Amino acid sequence: MNSRERAALGLAYAFLDGAWTGEGLINRGRLVVGHSRPELRTLVRRVLRAYRRPPWDRVREFAAWLLINDASAELGRSAIPYISPTRWLSFQPAMGEMPWRVPAVPTLGELSHFFGLTASQLEWFADVRSLERRVTDESLRHYRYRWVRKRDGSARLLESPKERLRGMQRHLLHAILDRIPVHESAHAFVHGRSAVTFAASHANADIVIRLDLANFFGSIGAGRIYGVFRMSGYPESVAHTLTGLTTNSIPLAVWREAPENVRGDFHLGKQLEMPHLPQGAPTSPALANLCAHGLDRRLTGLAESFGVRYSRYADDLAISGSLSGRSVARLISLATDIAMEEGFRVRPAKTLVMGRGHRQQLAGIVVNTKPNLGRASFDSLRATLHNVSLRGLEVENREHHGRFRERLSGRVAWAVQLNSDRRRRLRPS
């Protein structure tokens, strides 16, 4: 920050520290710039035309605006000097416009109390300078890392916050993020919606198109997270700190440990190097849905223009309806372009176009007529239940280290949820 930028910031502080009137702004501004010449008065008139209410929630944006709208171009002299201010006035930040019923936390001091931390503890956990990337001592990191291979041979990185940070993120999720509505087409991580509601909206369709987004969480950077908190009404400093609490930059050593085929993905490496949503943090799913609002809104409009339906389950996009071959190709091309414009990347290799003559499957659910479990999965479940009836549930549970009972119950509940008529067929023989 150069001397004139510091002077603009000092002037912004002065303007905000009192009555929002012409004379009030001029009198306080004179304390910072040392004069009340015509150029200062011209700048004050511009301020009052542009800001009907004081921008108490965005002082740095206000300072930047002052630099751009200085009177120097008109009068040949600048209201903002090229020297640092000799006096600083203080002001009390306030919440901006609050479109949703989120708790008011206008200052960093109140944010510390919100989490039950001291100011220094809050600064430590909110890694706004991305120190995590350069730390080599595991005990000083906020996250644990694990590469998990996927069926297609690629791998994804799990970034699991340690216990203290995880608790803070859960508090943030329930107290703030759960109060911000997501787009109606988003079905993952939303109360009252699920993979079943996602799939059901595409049942019994002539054509079902499935698109897959690459590195869904990692592609959402800190700038968009900051925008969510600012849009919610939080002042710049609070939004900046909340962004630091919910984003992460992976250490260099973690990237070096990635599978060889993953390290060749330059785009992925750059995304994980920058502050992004960590896959494994409790706040990431909700924030991802909120950041994808523009994507969902535009793809919903695109689908409606073709007379078809759209919905999204995390990184799975689905579009269904009656479409000709040319319309399908055009729709996929437009959807891919929209995703890119919204900061996401469609993986062409995973794009599927499923007609009635083939198994139409979304999120593991067959939707040719109505949501249902695939035949192979259903037959496997029946075989498992038959084996349990012969060997006994406790024997199977011991052999699977005590987790078999829970997993089997989940599989049965899932099958019955999709098709209640199958409850009788799933009874042990």
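Predicted model: local features only at pLDDT ≥ 70, side-chain atom pairs only at ≥ 80, totals over all residues.
Let me begin with a definition: a residue is called buried under 20% relative accessible area, exposed over 50%, and partly exposed in between, using a 1.4 Å probe and protein chains only. By that scale Asn204, with a relative accessible area of 44%, is partly exposed.

Residues are numbered from 1 along each chain as its sequence is written, and side-chain values use heavy atoms, with hydrogens and water left out.

On confidence, pLDDT is the predictor's own confidence in each residue, on a scale from 0 to 100. The protein averages 88, and 85% of the residues score at least 70. Helices (H or I, at least four residues) and strands (E, at least two) are DSSP runs, numbered from the N terminus. Among these elements, the lowest mean pLDDT, 56, belongs to helix α5 (residues 72-75), and the highest, 98, to helix α15 (residues 284-291).

Let me return to Asn204, which sits in the loop between α9 (195-200) and β3 (207-212). As background, most residues other than glycine have a negative phi. Ala314 also has a positive phi, near 60°. Ala314 lies in the loop between β4 (309-313) and β5 (316-321), and with a relative accessible area of 12% Ala314 is buried.

I turn now to the aromatic residues. Rings of Phe, Tyr and Trp (its six-membered ring) are paired if their centres lie within 6.5 Å; planes under 30 degrees apart count as stacked, over 60 as edge-to-face, and the rest as tilted. By this rule there are 12 aromatic pairs. In one of them, the rings of Tyr51 and Trp65 have centres 5.5 Å apart and planes at 80°, so the pair is edge-to-face. This pair links distant parts of the chain, 14 residues apart: Tyr51 is in the loop between α3 (38-50) and α4 (59-68), and Trp65 is in helix α4. Both Tyr51 and Trp65 are buried. Phe114 and Phe115 also form an edge-to-face pair, at 4.9 Å centre to centre with 85° between the planes, and both are buried. Phe15, Trp20, Tyr51, Phe62 and Trp65 form one aromatic cluster.

A charge is said to sit over a ring if NZ of Lys or CZ of Arg is within 6 Å of the ring centre and within 35 degrees of the ring normal. Arg224 lies over the face of Phe344 in this way, at 4.7 Å from the ring centre. Arg224 is found in helix α10 (residues 222-231) and is partly exposed, with a relative accessible area of 25%.

Finally, how do helices α16 and α17 pack? Helix α16 (residues 293-306) and helix α17 (residues 325-341) have axes 10 Å apart, at an angle of about 165°. Axes here are lines fitted to C-alpha atoms, for helices over the stretch in contact, and angles run from 0 to 180 degrees between N-to-C directions. Angles under 35 degrees count as roughly parallel, over 145 as roughly antiparallel, 65 to 115 as roughly perpendicular and the rest as oblique. The two helices α16 and α17 are therefore roughly antiparallel to each other.
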